[in-house]
Amino acid sequence: MSNLIGFKWVDFSYENLLNEESSIGVGLLFSLDSDIGSIDEYRNFSLTPYYRFFFSNKYAQGFFVEAFGMLHTGKNDFYYDDDFNSTRVDEKYTDFAAGISVGAKFVTKRGFVAEIYAGIGRDLLGQSEIEVVGRGGVSIGKRF
């Protein structure tokens, strides 16, 4: 909900626990307003699969390290200048990034989950004028 309120993004994620110290998951993020001036205005869609490894005595919670891939689309803004005016051209792109994140997951006895994470990745296809992508968030959810 914080992404929707603060940035006009919708963000869904699903995580499947593999065992007591690892999980896999996927995040889906898309923008409801491509013209919003935000920290991540160049990206309007991303699909992010990830693998997490937990460092705790508790079952799949506590501090974790995450490896992720991110397929993302957006637009590059270019300005062409001549002697009389400047013209802005938007060029759409699709790129794929690989990266790493760190974070922590907290789980209550009733299965409510809160997590915080941050990471960085590098675009591999060279389609975006931004070479580095960020990944981060604060989320709440329910473990089933």
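Val26 has its place in strand 2.

Me: Is Val26 in this predicted model buried, partly exposed or exposed?
Reply: The model is predicted, and Val26 has a relative accessible area of 33%. Buried requires under 20% and exposed over 50%. Because its value lies between these limits, Val26 is partly exposed.

Me: Is Ser22 buried or exposed?
Reply: Ser22 is found in strand 2, which spans residues 22-31. Not counting residues up to four places away in sequence, Ser22 touches Leu17, Tyr51, Arg52, Phe53 and Phe54. Its relative accessibility is 4%, and the limit for burial is under 20%, so Ser22 counts as buried.

Me: Which residues form the largest nonpolar core?
Reply: Phe68 belongs to this core. Leaving aside neighbours within four places in sequence, Phe68 is in contact with residues including Tyr50, Ala97 and Ile120. The largest nonpolar core has 5 residues: Tyr50, Phe68, Met70, Ala97 and Val133.

Me: Where in the chain is confidence lowest?
Reply: The chain averages a pLDDT of 85, and 84% of the residues score at least 70. Confidence is highest in strand 6 (residues 112-123), at a mean of 95. Where pLDDT is low, the predicted coordinates should not be read in detail. The lowest confidence, at a mean of 56, is in helix 1 (residues 2-7).

Notes: Residues numbered from 1 in each chain as written. Predicted model: local features only at pLDDT ≥ 70, side-chain atom pairs only at ≥ 80, totals over all residues. Heavy atoms only, no water. pLDDT = per-residue confidence, 0-100. Helix = DSSP H or I, 4+ residues; strand = E, 2+ residues; numbered from the N terminus. Core = buried A, V, L, I, M, F, W, Y, C linked by side-chain atoms within 4.5 Å. Buried < 20%, exposed > 50% of the residue type's maximum accessible area, 1.4 Å probe, protein only. Contact = heavy atoms within 4.5 Å.
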